[in-house]
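I set out to record, entry by entry, what I looked up in this structure.

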Amino acid sequence: MVNLVKYKEYWQRLPERITGIGNVTFVAKSDDFGKIVQAMSPTALPMLWVLIPQSRGSGKTVDGFKERTIGVVFLMSKYDPQRKNEYDELAYIQPIVEDIKRTMMDDIARSCHILGSIDPSTVQTLPETEVYKTLAGWSISFVLD
């Protein structure tokens, strides 16, 4: 399992390295999403949402046990459906999500203390639309060995 304090510090520093991220927020449980959406300020957008990573064990014996940690972050922005559609919002923030992935890959390559154990083949990017009917963005998931 990843050290949560160091994991949080990594993501908190990302806006210093990548232009365009308005704010970073950490989500412990799904109930927190609604509260965060209601409190979102336009100056904080797009917002990087960082979920607490999950761990999953593998191996049939104690000697073969290995824990894999699954991380997910979302870059989300609020949009007015009467003025803009999801596709346009996704296109608008796509360059930022690409910068996030590029930064992650650079950190993986230099064996970063947090992301250095990510298997690059596990990094997935998916569009997320109509989240709480006014959010659109991208999720990035990855597996830390």
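**Entry on Leu4.** I looked up the contacts of Leu4, a contact being heavy atoms within 4.5 Å. Leaving aside neighbours within four places in sequence, I found Leu4 in contact with Ile52 and Pro53. The model is a predicted one, in which local features need pLDDT of at least 70, side-chain atom pairs count only at pLDDT 80 or more, and totals for chains, interfaces and linings use all residues. Residues are numbered from 1 along each chain as its sequence is written, and side-chain values use heavy atoms, with hydrogens and water left out.

I placed Leu4 in helix 1, residues 4-17. Helices (H or I, at least four residues) and strands (E, at least two) are DSSP runs numbered from the N terminus. The relative accessible area of Leu4 is 40%, so the residue is partly exposed; buried means under 20%, exposed over 50%, and partly exposed in between, with a 1.4 Å probe and protein chains only. I also noted that 11 Å separates the C-alpha atoms of Leu4 and Ala28, which are 24 residues apart along the chain.

**Entry on aromatic rings.** I then turned to the rings of Phe, Tyr and Trp (its six-membered ring), which pair if their centres lie within 6.5 Å; planes under 30 degrees apart count as stacked, over 60 as edge-to-face and the rest as tilted. By this rule the count is three aromatic pairs. One of them joins Tyr7 and Trp11, edge-to-face, at 6.0 Å centre to centre with 70° between the planes. Both residues lie in helix 1, four residues apart, about one turn of the helix. Are Tyr7 and Trp11 buried or exposed? I found that Tyr7 and Trp11 are both buried. Tyr7, Tyr10, Trp11 and Phe142 form one aromatic cluster.

**Entry on charges over rings.** A charge sits over a ring if NZ of Lys or CZ of Arg is within 6 Å of the ring centre and within 35 degrees of the ring normal. I recorded the charged end of Lys8 over the ring of Phe26, 5.2 Å from its centre. The charged end of Lys84 sits over the ring of Tyr92, 4.5 Å from its centre.
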